[in-house]
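Thanks for coming. I will go through one structure today, with the cut-offs stated as we reach them. Please have it open while I talk.

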There are 2 protein chains.
Amino acid sequence: MTIGVLGGGQLGRMLGLAGIPLGLRFVFYDPTADACASAVGKHVRADWDDVDALERFAAEVDTVTYEFENVSLSAVEHVAKVRPVFPNTAALRGTQDRFDEKSLFRSLGIPTADYRAVDNRSDARRAGAELGYPFVLKRRTGGYDGKGQRIVADDSEAESACDELAGGSLVAESFVRFSREVSVIGARRASGETVFYELSENTHADGILRTSFSRPRDPMAGQGRELLTRLFDLLDYRGVLALECFQRGDKLLANEYAPRVHNSGHWTIEGAATSQFENHLRAILDWPLGSTAGIDCAAMINFIGSLPPVDDFLAVENAHYHSYEKAPREGRKVGHATIIASNRAELERRVAGLRAGVAQQADRS
Amino acid sequence: MTIGVLGGGQLGRMLGLAGIPLGLRFVFYDPTADACASAVGKHVRADWDDVDALERFAAEVDTVTYEFENVSLSAVEHVAKVRPVFPNTAALRGTQDRFDEKSLFRSLGIPTADYRAVDNRSDARRAGAELGYPFVLKRRTGGYDGKGQRIVADDSEAESACDELAGGSLVAESFVRFSREVSVIGARRASGETVFYELSENTHADGILRTSFSRPRDPMAGQGRELLTRLFDLLDYRGVLALECFQRGDKLLANEYAPRVHNSGHWTIEGAATSQFENHLRAILDWPLGSTAGIDCAAMINFIGSLPPVDDFLAVENAHYHSYEKAPREGRKVGHATIIASNRAELERRVAGLRAGVAQQADRS
C-alpha cells in the first residue's frame, strides 16, 4: 500500500517514519529540491500546477493525504478525481480562508474572537471602531507561523497595515486577552470512531510555536473535544484534526483548525501509546485507531532557526531529538525535542532550561 | 552524517528508522534486490566480493556498521581500510566460527556448554562418548535461525549428521537442559561508557526466536551484565552487543554473541526510553548513550512466515505492529509486534493468545 503525500516537509517525514513499520510506502509531491521527507520515500518534484506530474503521482499511490493546509486546492481537486484524498477537500477548503473558517466555526456554534472582513482602509478603520484597539489584521489566505498578520493599535496603524498586507483580502479579529493557548487533537475514521489526545498547552513567540505540554486530565479537555466533534461531524472527517484555541475564563475560543497532524502534537511520538502520525494514517486508511493513552509528563520544544548539536543534546536525560535535516534559516522550524519527566514541576523546569539554552544558541548562530 | 550499513534487512531498516530523527542518512550494501532497508536509505546492490562497489559504498559514507554477523569478513576488512567500522573486525571475527567463539568465552572465564571440534565421523562418535547423548552438532560457520545444526541421539545419528552437515568443519556441543533462555543486551561507546537493557527472556521453536519478554529486576541480570562486560572490555567494543545464554540452576552458560542489534531486543523500541537501534548508532558515533530505563511489562512476538493482516492486528490494544515488508516465506522473519501490558500476568496471557493466533494464521497461509 502506497500513501501519496502532498508536501514533503517534516510532517511528511514523520508520517513516513510512523507508517513504514505498518508496511506502508510513501511518495511525496513537493516543488522544492530539498524536501526533507525524501529520507522516507520517493520525492516527486514538480510544481502545484503541473497537471501531468500530479496525474503520474496519483497513478503511483493508493490513497492521498497532505501535510500542510496551504496546499493548492486545485491540485488536491485534480488528484481527488482519481484517488481518495483524506481529509476531504471540504475540510481543506474550510481552512484556506480565515474569514470563511471563522464563519464555519460560528455556523457550528463554536465561539471565536469577534471578526470583520476588511478590503480597504475604511473597512480597517471601521473594524477598529467596532472591535476596539488593538486588533489583529490578517491576510485571509496563505499565512503561517505569524506571517501575513499585524497587531494594530490605532487608526493610523490600521491603515498602514492594510497597505502592507494588501496581497489579498483581509480579516480583522479582536485581540483576545487569553489566559492560555491550547490545542485539541483527535482522529476520526470513516466508521465514525474517534479518539482524542490529551490537551496540548502551547506557547508562541513571534507567531511561532515554541513549546507544547501534554496536559492530562485538563479541566478544559471536555469542552475542546466537544468542539472538535462538531467539526468532525460536519466535515464527515477522516484523519487527524487539530483545533487551536484561546482560553478566556472557562471558555475556549477557536482560533483556527488544521486538517492534518500538528506541531502541537509532536509530543505524542514518545508521550502517547500511538502517535498522531500513526493515527492519521490509520484514520485515512479506515484502520482501527490506536490508543491515545499518554504518559503523565511530556512536552515538546521546537528548534527554530538552527539545531542544538546532536552530541551535546543527547546527554540530556530523557530528551528525544528530532532533526528535520533542513538547512538552518532564521524563523524556520528545523527540529524539535520531546522531554519526558517524572513530575510536572521537573518537566516545567527542564523545558524552561532547555528553551533558554536553545534560544541562546540560536542567537549565537 | 551518513551511516553505511553492510546488509539491508530488517535490522538495517530499524536502524534507519531510529537514526533519521537524529539527522543521519543511510546507505545499505546488500546483494539482494528486495532489501527491505531501502525504505529508509539508499540501496547499493552488489556482491560481497565486488571490490569496486565496496569502495564506492565506503566513499559515500562516514562510518560503517553491519546488521548481521555472517557478513563477509573480507568485505568488512576492505571497507575498514578507508572508513571506521564498528563493531570492530575482531568482534566480528570472534563470532563467525562457533568453535572459536566458545574458545573466546572460555578464555574470558565465561561458562559455556562443553564442546569439541568435529571434522569427521570418528570425531563425531568420540564427541558422543565424551559429551554424552544427545548432543548438538553444528557447522562452525554460516548457520542462523537453527539452520546448519542437528540434535543427535546416538552413534549412528552422529555419523549421518556429520555427513549431512559436511559443508565445513563442525562443532559438537553438550545438549544443555536449561531452565530458560535469556539474552543480555548492552551498548558501549569509545569512552568506555556502557548501558545495559533489562534481561530478555526468550522462547524458540524450530531454532527460530518466537517471543522475548523484558524482565525488569531479573535476579540473573547482574551475572549477565558481568559476562557482557568481559566481552566489551576484551574487544574494546563499540556498539550494541547481545549475548545469548542458557540458564541452568543459578548459572548462565553463554551460547553465542551477536555484535549488533538483536531480535531479542526489539521490544526496546516501545519498551525502553531509548531503543537498541538508537543506542547502537549513538555508540558507534561515540555520542552519549541513552537511558535504557524500561516500562515494566513489554514483550515481543515474531511474525514468522507471514504477517497477520494489519487492519485486524491494529485492533489489538497496546500492540505495536512492525512489518519488514518482506515477501512471505516459510520460516522467514517478516515482522514483529511489541505488546505492552499493565501487569505481568496480563502480558503473558496476551502474548500466548496472540502467538496462538499467529501460529494458526501461519498454518493457513
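I start with accessibility: buried means under 20% relative accessible area, exposed over 50%, and partly exposed in between, with a 1.4 Å probe and protein chains only. This is a predicted model, where local features need pLDDT of at least 70, side-chain atom pairs count only at pLDDT 80 or more, and totals for chains, interfaces and linings use all residues. Residues are numbered from 1 along each chain as its sequence is written, chains are lettered from A and ligands numbered from 1 in the order in which they are written, and side-chain values use heavy atoms, with hydrogens and water left out.

First, Glu164(A). With a relative accessibility of 46%, Glu164(A) counts as partly exposed. Glu164(A) belongs to helix α7 of chain A; helices (H or I, at least four residues) and strands (E, at least two) are DSSP runs, numbered from the N terminus. Its side chain has a polar contact of 2.7 Å with the side chain of Arg150(A). A polar contact is a pair of N or O atoms within 3.5 Å; within protein, one must be able to donate a hydrogen and the other to accept it, and residues adjacent in sequence count only if both atoms are side-chain atoms. C-alpha to C-alpha, Glu164(A) and Arg150(A) are 9.3 Å apart, and 14 residues separate them in sequence.

Which residues of α7(A) are buried? They are Ala158(A), Glu159(A), Ala161(A) and Cys162(A). These cover an arc of only 165 degrees around the axis, so they sit on the same side of α7(A); the arc is taken from the directions from the helix axis to the C-beta atoms.

Next, Glu101(A), in helix α5 (residues 98-107) of chain A. Glu101(A) is buried but has no salt bridge, that is, a side-chain nitrogen of Lys or Arg within 4 Å of a carboxyl oxygen of Asp or Glu. The nearest side chain of opposite charge is Arg98(A), 5.1 Å away; Lys and Arg count as positive, Asp and Glu as negative, and His and the chain ends are not counted. The side chain of Glu101(A) does make a polar contact with that of Thr95(A), at 3.4 Å.

Last, the rings. Over all chains there are 28 aromatic pairs: rings of Phe, Tyr and Trp (its six-membered ring) with centres within 6.5 Å, stacked if the planes are under 30 degrees apart, edge-to-face over 60, and tilted for the rest. Phe26(A) and Phe28(A) are stacked, at 6.0 Å and 10 degrees, and both are buried.
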